[in-house]
Amino acid sequence: MGLWYPKDSGFELKAFADADYAGCHDTRRSTSGSAQFLGHRLVSWSSKKQKSTAISTTEAKYIALSGCCAQILWMTSLNTRILWIGHIDIRHHFIKEQVERKVVELYFVETKYQLADIFTKALPRERFATLLPLLGVKQMSPETLKELQDESVSE
């Protein structure tokens with residue numbers, strides 16, 4: 001398996017973020033997951049257990065969104081550093097500020113289109129197999145790799 005980065009993909013920065021609320025049965029901590037795309041190319045991804053125990057699904061998702069926003073800001077060279085923020089209201093204001101400054105646009109994504117799910121929880125085989133190509137992951141047999149290389153040389 002591997003990632004292939006075609007030349008003809010755009011440069012729009014898109015990201016997906018999600019969290020599984022209290023997914024760890026031992027600590028009740030949630031897992032944040034995110035994926036950032038430049039055009040159709042996956043360029044950054046993360047799966048990380050949250051440092052604190054969220055008291056709601058909303059808080060767990062804000063924590064995931066905050067980390068994703070920090071990654072987007074870093075990727076856009078704003079040199080914004082986000083240290084761990086321990087209160088949901090501060091996270092909320094940080095995200096709101098980025099939206100107001102039009103650095104980040106937020107959209108609701110239905111579960112079936114939520115690419116970050118693969119980084120937050122165990123998925124059924126069919127769902128996992130569906131998400132892999134949407135992330136740009138391809139089966140890289142020697143024959144496939146040769147075909148992809150030939151395609152890029154001929155363009």
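This report walks through the nonpolar cores, salt bridges, surface, loop residues and cysteines of a predicted model.

## Nonpolar cores

The largest nonpolar core has twelve residues, among them Phe 16, Phe 37, Leu 42, Leu 115, Ile 118, Phe 119 and Val 137. Strand β3 and helix α3, the latter covering residues 125-134, each supply at least two residues of this core. A second, separate core has five residues, including Leu 73, Phe 94, Ile 95 and Val 104. As general background, nonpolar side chains in soluble globular proteins tend to be buried together.

Leaving aside residues up to four places away in sequence, Phe 16 touches Gly 33, Ser 34, Ala 35, Phe 37, Cys 68, Val 109, Tyr 113, Gln 114, Leu 115 and Ala 116. Ile 118 is found in the loop between α2 (88-100) and α3, and Ile 118 counts as buried because its relative accessible area of 15% falls under 20%. Ile 118 and Ala 129 are eleven residues apart in sequence, and their C-alpha atoms are 10.0 Å apart in space.

## Salt bridges

The count comes to five salt bridges. One of them joins Asp 18 and Lys 121, whose closest N and O atoms are 3.9 Å apart. This pair links distant parts of the chain, since Asp 18 belongs to strand β2 and Lys 121 to the loop between α2 and α3, 103 residues apart. Asp 18 is buried, at 9% relative accessibility, whereas Lys 121 is partly exposed, at 34%.

Within helix α4, which covers residues 142-154, Lys 146 and Asp 150 lie four residues apart, or about one turn of the helix, and their side chains meet in a salt bridge with an N to O distance of 3.1 Å. Lys 146 is partly exposed, with a relative accessible area of 49%, and Asp 150 is also partly exposed, at 39%. Elsewhere, salt bridges that share partners join Asp 18, Lys 61, Asp 117 and Lys 121 into one network. A further salt bridge connects the side chains of Glu 97 and Arg 101 at 3.7 Å, N to O; Glu 97 is partly exposed at 39% relative accessible area, and Arg 101 is partly exposed at 46%.

## Surface and loop residues

Tyr 5, Val 43 and Trp 45 make a nonpolar surface patch of about 300 Å². Of these residues, Trp 45 lies in strand β4, which spans residues 41-49, and Trp 45 is partly exposed, with a relative accessible area of 46%.

The loop between β2 (13-20) and β3 (31-38) contains Ala 22, and Arg 28 has its place in the loop between β2 and β3 as well. Ala 22 has a phi near 50 degrees, a positive value in a residue other than glycine, while Arg 28, which is not a glycine either, has a positive phi of about 65 degrees. Ala 22 is buried, at 7% relative accessibility, but Arg 28 is partly exposed, at 42%.

## Cysteines

The structure holds zero disulfides. Cys 68 is in no disulfide, and the nearest cysteine sulfur, that of Cys 69, is 6.2 Å away, so this pair does not come within the 2.5 Å that a disulfide requires. Cys 68 is buried, with 4% relative accessibility, and Cys 24 is likewise buried, with a relative accessible area of 17%.

Terms used:
Residues are numbered from 1 along each chain as its sequence is written. This is a predicted model: local features need pLDDT of at least 70, side-chain atom pairs count only at pLDDT 80 or more; totals for chains, interfaces and linings use all residues. Side-chain values use heavy atoms; hydrogens and water are left out. Buried means under 20% relative accessible area, exposed over 50%, partly exposed in between (1.4 Å probe, protein chains only). Patches are made of residues with over 30% relative accessible area and no salt bridge: like charges are joined within 9 Å, nonpolar side chains (Val, Leu, Ile, Met, Phe, Trp, Tyr) within 5 Å. Accessible areas come from the Shrake-Rupley method with a 1.4 Å probe; for residues, only the protein chains shown count as cover. A salt bridge is a side-chain nitrogen of Lys or Arg within 4 Å of a carboxyl oxygen of Asp or Glu. A nonpolar core is a set of buried Ala, Val, Leu, Ile, Met, Phe, Trp, Tyr and Cys residues joined through side-chain atoms within 4.5 Å. Contact means heavy atoms within 4.5 Å.
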